[in-house]
Amino acid sequence: QMGIHARRGVSCGECHMPYVEEELRSYNNHHIQSPLAMIEKTCQTCHHESAEVLRQDVYTRQNKAMELRNKLEKELAKAHIEAQFAWDRGAADNQMEPVLKLLRQAQWRWDFAIASHGAAFHAPQEVQRILGDGLYKTMQARLVIKDVLNKHGYNQEVPMPDISTKKKAQKYIGLDMKSELAAKDEFLKTVIPEWTKEAKANKRFIEEYKVAR
């Protein structure tokens, strides 16, 4: 509802379930997927640019939102680590209350913008505004933490752990990847075959959909 397509009255189905013509009849394609997989039947029914131009327009919008998202994620991680550092240095509940509020607000904005994978295209301006506001609130939280630490006699940079890779981040938060991977393997061996069996029985199984291991 926050993007230009919705304001122009375009529905979800027009892009994700375009018409398919077969002999003398036409119907909506129920193989729901990205409109970029069938640009000639989706985007180009309204837009007259080439498929490549339209595709790059989507990628440009997504990349701009991704850039801001990545900045917010990094600052949120730093803020959480700094907040824990402040607690460990003796910060009081009333001192940290505004920090917690700001971090919750920033996290909510990240959640709102990122939970829907298509938001960066559907409403790019609104998503970037929300992410920018989340980044602002995160920086405000970090300033409050800095002030709290100063009051507790600490006026240096908070030491940051090395979380530059996924593996290092998992180790820092204490994630037991061995048990996680074992649980995933068990899920793939037991649950997925049952789902596949049920889907085939209901004639809703599509061979090209594979589970990533």
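Which hand does the crossing of helix 3 and helix 6 have? The crossing is left-handed, a label given when the near helix is turned anticlockwise from the far one by less than a right angle, with right-handed used if it is clockwise. The model is predicted, so to speak of local features takes a pLDDT of at least 70 and side-chain atom pairs count only at pLDDT 80 or more, while totals for chains, interfaces and linings use all residues. Residues are numbered from 1 along each chain as its sequence is written, and side-chain values use heavy atoms, leaving out hydrogens and water.

Back to that pair: the axes of helix 3 (51–88) and helix 6 come within 9 Å and cross at roughly 20 degrees. Axes here are lines fitted to C-alpha atoms, for helices over the stretch in contact, with angles running from 0 to 180 degrees between N-to-C directions. Nonpolar covers Ala, Val, Leu, Ile, Met, Phe, Trp, Tyr, Cys and Pro, charged covers Asp, Glu, Lys and Arg, and the others, Gly among them, are polar.

Helix 4 (residues 93–114) runs against helix 6 (residues 124–151), with axes that come within 8 Å and cross at roughly 160 degrees. That makes helix 4 and helix 6 roughly antiparallel, and the crossing is left-handed. In their contact sit 16 nonpolar, five polar and four charged residues. With helix 3, helix 4 crosses at roughly 155 degrees, the axes coming within 11 Å, so these two are also roughly antiparallel. Here too the crossing is left-handed. Residues of helix 3 including Leu72, Leu76 and Trp87 meet a set in helix 4 that includes Leu100, Leu103 and Trp110. By class, this contact has 13 nonpolar, two polar and three charged residues.

As for open space, the largest pocket holds about 1,200 Å³. His5, Val10, Cys15, Phe121 and His122 lie nearest its centre, out of 46 lining residues. The lining divides into 22 nonpolar, 16 polar and eight charged residues. Helix 3 gives the most, with six residues, and among the other elements supplying at least two are helix 1 (4–7), strand 1 (19–22) and helix 5 (119–122). A few terms need spelling out: helices (H or I, at least four residues) and strands (E, at least two) are DSSP runs numbered from the N terminus. On a 1 Å grid over the protein atoms alone, a pocket is an open set of points with protein on both sides within 12 Å along at least five of seven lines, a cavity is a set where a 1.4 Å probe fits but cannot get out, and lining residues have an atom within 4 Å of a point. Points are joined across faces, edges and corners, and a volume is the space filled by probe spheres set on them.

Terms used: Angles under 35 degrees count as roughly parallel, over 145 as roughly antiparallel, 65 to 115 as roughly perpendicular and the rest as oblique. Contact means heavy atoms within 4.5 Å.
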